[in-house]
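Hi there,

Here's the structure I promised to pass on. Have a look at it first, and then read my notes below.

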Amino acid sequence: MSKDFSETDKNKRQRDFQCSIGFSITVIGSKWRAIILWHILKSQPIRYGQLKKSIPNISHKVLSEELHHLKMDGLIERIAYATIPPKVEYIPTPRGKSLKNILRELCNWGKEYF
């Protein structure tokens, strides 16, 4: 999994942009991030294995890294249960939920022009 972001890293990412669209695209604009968030929004809570089955072309490494990025950006919450075997669920935060309509519109646009 990738290294943790420090508060300085997050602040630098925010300062890299002169407009809010650049920051927005950075947060959800990777190849997989919006897709992962969409699945979490649709099936909350969702476990790692369910996410992997929903997005079969993503590698375990990339899925883990992108989940970490979404968590560090405050869009999802990771809930770990102390069970054997370990159980982890992902849910959207209020910030993540605020993107639901935007992602729905992107989905609709893609359906129309794909």
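**How the helices pack**

Let's start with helix α2 (residues 20-28) and α3, which pack at an angle of about 70° with their axes 7 Å apart. Keep in mind as you read that this is a predicted model. With angles of 65 to 115 degrees counting as roughly perpendicular, α2 and α3 are therefore roughly perpendicular to each other. On the α2 side, the contact is made by Thr26, Val27 and Ile28, and on the α3 side by Arg33, Ala34 and Leu37. Sorted by class, the contact of α2 with α3 has four nonpolar residues, one polar and one charged.

Next up is α3 with α5. Helix α3 covers residues 33-42 and helix α5 covers residues 60-72; their axes come within 10 Å and cross at roughly 75°. That makes α3 roughly perpendicular to α5. If you want to find the contact on screen, pick out Arg33, Ile36, Leu37 and Ile40 of α3, then Leu63, Glu66, Leu67, His69 and Leu70 of α5. The residues of this contact of α3 with α5 split into six nonpolar, one polar and two charged.

Then there's α3 with helix α7 (residues 100-113): the two pack at an angle of about 115°, and their axes are 10 Å apart. Which way does α3 pass α7, left-handed or right-handed? The crossing is left-handed. From α3, the residues making the contact are Ala34, Leu37, Trp38 and Leu41, and from α7 they are Lys100, Leu103 and Arg104. By class, the contact of α3 with α7 has five nonpolar residues, two charged and no polar ones.

**The whole protein**

Now zoom out. How many helices and strands does the protein have? There are seven helices and three strands, and along the sequence they follow the pattern α-α-α-β-α-α-β-β-α-α.

Of the 114 residues in the protein, 32% are buried. The accessible surface comes to about 7700 Å², and carbon and sulfur atoms account for 57% of that.

Finally, take the contacts in the protein with a separation of 6 or more: 50% of them are between residues 24 or more positions apart.

Cheers

Methods. Residues numbered from 1 in each chain as written. Predicted model: local features only at pLDDT ≥ 70, side-chain atom pairs only at ≥ 80, totals over all residues. Heavy atoms only, no water. Axes fitted to C-alpha atoms, helices over the stretch in contact; angles between N-to-C directions. Helix = DSSP H or I, 4+ residues; strand = E, 2+ residues; numbered from the N terminus. Parallel < 35°, antiparallel > 145°, perpendicular 65-115°, else oblique. Contact = heavy atoms within 4.5 Å. Nonpolar A, V, L, I, M, F, W, Y, C, P; charged D, E, K, R; others polar. Left-handed = near helix turned anticlockwise from the far one by under 90°. Buried < 20%, exposed > 50% of the residue type's maximum accessible area, 1.4 Å probe, protein only. Areas by Shrake-Rupley, 256 points an atom, 1.4 Å probe, with all protein chains shown as cover.
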